[in-house]
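Hello,

Here is the structure I promised to pass on. My notes on it come after the model.

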Amino acid sequence: MADSTESLLETPLAGLHRELGGRMVPFAGYMMPVQYPAGIMAEHLHCRAAASLFDVSHMGQAELVGEGAAAALERATPADVQVLKPGRQKYGLLTLDDGGILDDFMVANLGDRLFLVVNASRKHLDLPRIESLLPAGVTLKPMPDRALIALQGPQAVAAIATLAPGIAALSFMSVGAFTIAGVPALVSRSGYTGEDGVEVSVPAEDAERFARALLALPGVQPAGLGARDSLRLEAGLCLYGNDIDETTSAVEAALTWTIGKRRRTEWNFPGAERVRDELANGTRRLRVGIRPEGRQPARGHTPVHAPSGDAIGEITSGGFGPSLGGPMAMGYVAREHAGDGTPLELMVRGKPLPARVAPMPFVPHRYAR
């Protein structure tokens, strides 16, 4: 069931979305634009060709302040946070004591503090969880008065750099403070589309003015949640609640790269026992990319069978890839069926659709390495 619209929140850009013709739908407790009049396909392809503006202000932003903040955050994540240099950011997982994934998140070292971004649907769980693990002297400060805007695509950085030239000097996963169109902004060269681009945190009261300044730049068009989903799926990136959740481990989800080398010697993070066992002995299932044959997409919760007819897994995200030019999916299959090229059958409306395990990303990443 969709949330009742009375209880839904709005981002500071809600009025602008409606003015631009955005079709508003409930998502993670907010009314958000799923698409604009151009449509999901056009918005997706525009992001791959030029620059698209996404409102991600529903996500949770917070600061972690105090002596030893990085070591303190490591009580909640297997990421190596202490290795993060000032001006750098990384992707990580918040794990539970049983090894499941509470959320995925971004953490940046701002020198005198850490800056966190967590998922909208999980922030009410993530922030209390982190807070419960902190030692005296380290404080978590939620930042509900901030907006977050992503500008993504091969022309995104060149476009925003006309307003703040220093942004062009940021490398992938670097962070810096800039004044853009008169608005104080925290900019990271990152995103969740597989394209080069930036994510920008600004004060909520300045968000609409800031977004209008970006939309006035040549080549920039708005894009909604629909395009964001097809872009991240082509890039092979997980969506929390679909592809990772409290039942999946970092090893099953093929996210072991987020576990720091030092953390694999200390084993002092939540869920370390399960992760250590799975790294040593393997898992029963693995997250893989899947390419259905033909043109018909297979959606989330589609059962996956071996050609013999045995049920071996389930699709967690699926759809049509506008840049790929065909259907794509990801999901979990039994480990012995997880090798690239392994034939599968997807049970779409009771009929087997032939498919194969395929490497991800489906469309190559174009980050500014």
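Predicted model: local features only at pLDDT ≥ 70, side-chain atom pairs only at ≥ 80, totals over all residues.

Residues are numbered from 1 along each chain as its sequence is written, and side-chain values use heavy atoms, with hydrogens and water left out.

The region first. An unreviewed UniProt entry lists residues 16-261 as "domain: GCVT N-terminal"; UniProt positions are in the numbering used here, feature names are shortened, and annotations may be inferred rather than shown by experiment. Over residues 16-261 the chain is 22% helix and 31% strand, with the end C-alpha atoms 45 Å apart. Helices (H or I, at least four residues) and strands (E, at least two) are DSSP runs, numbered from the N terminus.

Next, the residue. I149 sits in strand β10 (residues 146-152) and is buried, at a relative accessible area of 0%. Buried means under 20% relative accessible area, exposed over 50%, and partly exposed in between (1.4 Å probe, protein chains only). Leaving out residues up to four places away in sequence, I149 touches residues including L13, F54, V200 and F210; contact means heavy atoms within 4.5 Å.

Last, helix α9 (residues 272-281). A272, V275 and E278 are buried there. Seen down the axis of α9, its buried residues fall within an arc of 135 degrees, so they line one face of the helix. The arc is that of the directions from the helix axis to the C-beta atoms. E273, A280 and N281, on the other side of α9, are exposed. After α9 comes G282, with a positive phi near 85 degrees.

Regards
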